[in-house]
Amino acid sequence: MKIVLPLLLCACITAFAVTPFPSSSGHKVILKAKKSPYILENNFVLPPEDSLIIEAGVEVYMSGYAKLLLRGAVKIDGTPKKPVAFRSADSSENWSGIYLATDSRYFVIRNLIVENAFRNTVANSSGLFEKVRFVNNYYGLWLEDSPKAEFMDCHFSRNRFAFTVGKGKANFRKTYIQNNVFGIYVEKGADFTGDTTLVKNNLETDIRRESDEMASQGRRISRKVWNRIEAGF
Amino acid sequence: MKRIALLLSLFLFAACNEQKVTLAFNTQNSSGNVFAFDSKLRVLADDQNALPGKDSAKKGLAPEAMNARLSVILSSKLIDSYDDGTGRFLMNVDSVDYSSDNRSVEEFEHIEHYLKAQTFQFKMAPDGQMSSLKMEDLASIPDAGDLDIRRNFIKIQPVLPSAPVRIGDTWERQQLVDGDSGKRLFVYKWFKIEDLFVRNGVRLAKIQMNVKYKPHDADDTGSLTSDDFVLGSGSILFDVDAGMIQEGTLEVDGKLCAVENKGAEVLPRLRVHQSLSIRRIR
């Protein structure tokens, strides 16, 4: 009995232990499956000269209003059986989201689940999303500025704005945007090309264009202009 | 003899009124300050189409407008003082209350959350010139269209004269606001000492402040410019002995020209009024 109890205690501690989100070592940040789950307490910035590599099966819990600002090379390599998951530690609270600004470094994200974020953004970057699920985010993914973003077999569900296009090109292949409030939101002046046959069953509308909405309301000034004034006056 | 005595007393009286004070921020041994900072922004489209008689006006469409309000409690702490008289300060955002009729409630909450996470450091000279205004955490840098407290805070920050001044004296300074992504803004400020008085045992200088600047914000998606200067005026009550702002207000007005590169549509001019106020709580 004296041996069993400490062993049981050790087993419990190991089973419920969480690993803090690691910092860079030798310009690499590697999240390993054997050390999962990880917790990100605050914010994490990946500098341009560093790389982020996440192994299959890794779970990251985001507390408070954590944000992942990724400027370096990104390779998230989940598998269909062992996806990588980014979730909020407290399911009643949002975390800030992923901000991909990798510049000329092409990011590769496979088999990732992103839940409960406020806004996931792709800015000044190109890359591949393959079998990525965006679930229950406010802005599932915002393509703010992306010369080329490829989506293969991705799923957007239960988001407020599943997919927002500001500037850039999105190439959709077998991508499901279903059961969100708004499917695709195309900002005024933005272009969207891709197969939209799988964009359906969204609560308000499947594809909403800001320019149409503005014309129907007799408005000429887009949200982006208002926001720019607010930020830049 | 009586005349001389009278003239002498008049001279002494005038001399007392002409007392000079040295105005300087306490950058060496400040125990920390807490400020309530408010910003109200109103933007109105100067839309000729919405004038009476025009089609859109007949349809009952009002000119487009936006109102936003931000109230924050800021606490600043001196973290290092240097031999050249400058000091390094750390500014924390203790609480935020934000609303706008252009954003959703979820967006209010998001903005309140990230503003609360904004912690920035700056170096300040005794005259109030700020430099190295950097975010503590890169992840707190606002995304496109998000708010940045630093910009508004610098706008209301006075720059003090290097020499002692008396009532009626004026001086001018220019302040550089270094934004992220290399965006820079020069703010020209003009000051006048309006009054020197004691209130509740605190020696205060009332400083009139006028500001002018030309906003210029351009990127691939569009630009925001102004043909004329944006003008502002207000006043600052400065605690002379403690070397800190007691309270201040600034009303800023401008007419902006926004261009959206994607749409190639000429947008109406936008009239902007911003009301800033700062008050030291402790």
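This is a predicted model: local features need pLDDT of at least 70, side-chain atom pairs count only at pLDDT 80 or more; totals for chains, interfaces and linings use all residues.
The complex as a whole receives an ipTM of 0.83 and a pTM of 0.84. Looking at chain B by itself, the average pLDDT is 85, and 84% of the residues score at least 70. One stretch to treat separately is residues 10–16 of chain B, where the pLDDT is below 50. Beyond near neighbours in sequence, that stretch makes zero contacts in the model.

Now turn to chain A and its sheet. Nine strands of chain A build an open sheet, and their pairing is parallel. If you trace across the sheet, the order reads β1-β3-β6-β9-β12-β15-β17-β20-β22. The edges belong to β1 (19–20) and β22 (199–200) of chain A; each has a single partner strand, so one side of each is left without a neighbour in the sheet.

For a look inside the sheet, pick β6 and β9 of chain A, which sit next to each other in that order. Strand β6 covers residues 59–62 and strand β9 covers residues 84–88; the two run parallel and are joined by four bridges. Within this pair, A:Tyr61 stands opposite A:Arg87 of β9(A).

Chain B is the other partner. Its secondary structure comprises four helices and 13 strands. Of the 282 residues in chain B, 27% are buried. Contacts that span the sequence are well represented here: among those in chain B between residues at least 6 apart, 59% join residues at least 24 apart.

Which residues of α4(B) are buried? They are B:Arg150, B:Arg151, B:Asn152, B:Phe153, B:Lys155 and B:Ile156.

Finally, let's see where the two chains meet. Chain A contributes 33 residues to the contact, and chain B contributes 41 residues. On the side of chain A that touches chain B, the elements giving two or more residues are β4 (43–46), β7 (67–70), β16 (139–152) and α3 (223–232). Which of these elements gives the most? That is α3(A), with 10 residues. Sorted by class, this side of chain A holds 14 nonpolar, eight polar and 11 charged residues.

Technical notes:
Residues are numbered from 1 along each chain as its sequence is written. Chains are lettered from A and ligands numbered from 1 in the order in which they are written. A residue is buried if 20 or more other C-beta atoms lie within 10 Å of its own, exposed if 12 or fewer, and partly exposed in between; C-beta atoms are placed from the backbone. Two residues are in contact if their C-beta atoms, placed from the backbone, lie within 7 Å. Ala, Val, Leu, Ile, Met, Phe, Trp, Tyr, Cys and Pro count as nonpolar, Asp, Glu, Lys and Arg as charged, and the others, Gly among them, as polar. pLDDT is the predictor's confidence in each residue, from 0 to 100. Two strands pair if DSSP finds at least two bridges between them.
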